[in-house]
Amino acid sequence: QVQLVESGGGLVQAGGSLRLSCVASGTVFVINFMGWYRQAPGKQRELVAGFTSGGSTNYGDSVKGRFTISRDSAKRAVYLQMNSLKPEDTAVYFCKVVTISGTLQGDYWGQGTQVTVSS
């Protein structure tokens, strides 16, 4: 089992910045993906940013140029620096890890952290 603990959400004015953190603990095998999704009220959960197994990064179109994902592999941590925040970035942000063990894949989600951007 993998546990994910997120931190760093909060309330910020438009144009401000926040930094989210996610740390994985437990029995972690090979990490195939580690990153962030978000879900706004009445909308589907969407990819914000993530690292793939090859080390490349993917960003959602709406956050490119404003958000930066980074990681500390030794700490099994991933971070999301969010700059130039907009009211439409308001959502619950979830950390996600996909692990591979042989032929088995495990999908793990954090509990979510609220980000609210006021106009």
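Modeller: Before we start, a term we'll need: buried means under 20% relative accessible area, exposed means over 50%, and partly exposed is in between. Also keep in mind that this is a predicted model.

Biologist: Good. Is cysteine 22 buried or exposed?

Modeller: The cut-off for buried is under 20% relative accessible area. Cysteine 22 comes out at 0%, so cysteine 22 counts as buried.

Biologist: And which residue does cysteine 22 pair with in a disulfide?

Modeller: A disulfide is a covalent bond between the sulfur atoms of two cysteines. The count here comes to 1 disulfide. That pair sits 73 residues apart, with one partner in strand β3 and the other in strand β9 (residues 91–101). At an S to S distance of 2.1 Å, the partner of cysteine 22 is cysteine 95.

Biologist: Now serine 21: is serine 21 buried or exposed?

Modeller: Serine 21 lies in strand β3, which covers residues 18–26. Beyond its neighbours within four places in sequence, serine 21 is in contact with Val5, Glu6, Ser7, Trp36, Val78 and Tyr79. Its relative accessible area is 14%, so serine 21 is buried.

Biologist: What about serine 17: which side chain does serine 17 join in a polar contact?

Modeller: Serine 17 lies in the loop between β2 (10–13) and β3. With 39% relative accessibility, serine 17 counts as partly exposed. Leaving out residues up to four places away in sequence, serine 17 touches several others, including Gln81, Met82 and Ser84. The polar contact, at 2.9 Å, is with the side chain of asparagine 83.

Biologist: How far apart in space are serine 17 and arginine 45?

Modeller: In sequence, serine 17 and arginine 45 are 28 residues apart. C-alpha to C-alpha, the distance is 22 Å.

Biologist: Let's turn to pockets. Which strand gives the most to the lining of the largest pocket?

Modeller: The largest pocket holds about 180 Å³ of space. Of its 14 lining residues, the closest to the centre are Ile31, Met34, Phe51, Arg71 and Ser73. β4 (30–39), β5 (46–52) and β7 (67–72) each supply at least two residues of the lining. With 4 residues, the strand giving the most is β4.

Note on methods: Residues numbered from 1 in each chain as written. Predicted model: local features only at pLDDT ≥ 70, side-chain atom pairs only at ≥ 80, totals over all residues. Heavy atoms only, no water. 1 Å grid on protein atoms, 1.4 Å probe; cavity = no way out; pocket = protein on both sides within 12 Å on 5 of 7 lines; lining within 4 Å. Points joined across faces, edges and corners; volume = space filled by probe spheres on them. Buried < 20%, exposed > 50% of the residue type's maximum accessible area, 1.4 Å probe, protein only. Contact = heavy atoms within 4.5 Å. Polar contact = N/O pair within 3.5 Å; in protein donor to acceptor, adjacent residues only side chain to side chain. Disulfide = S-S within 2.5 Å.
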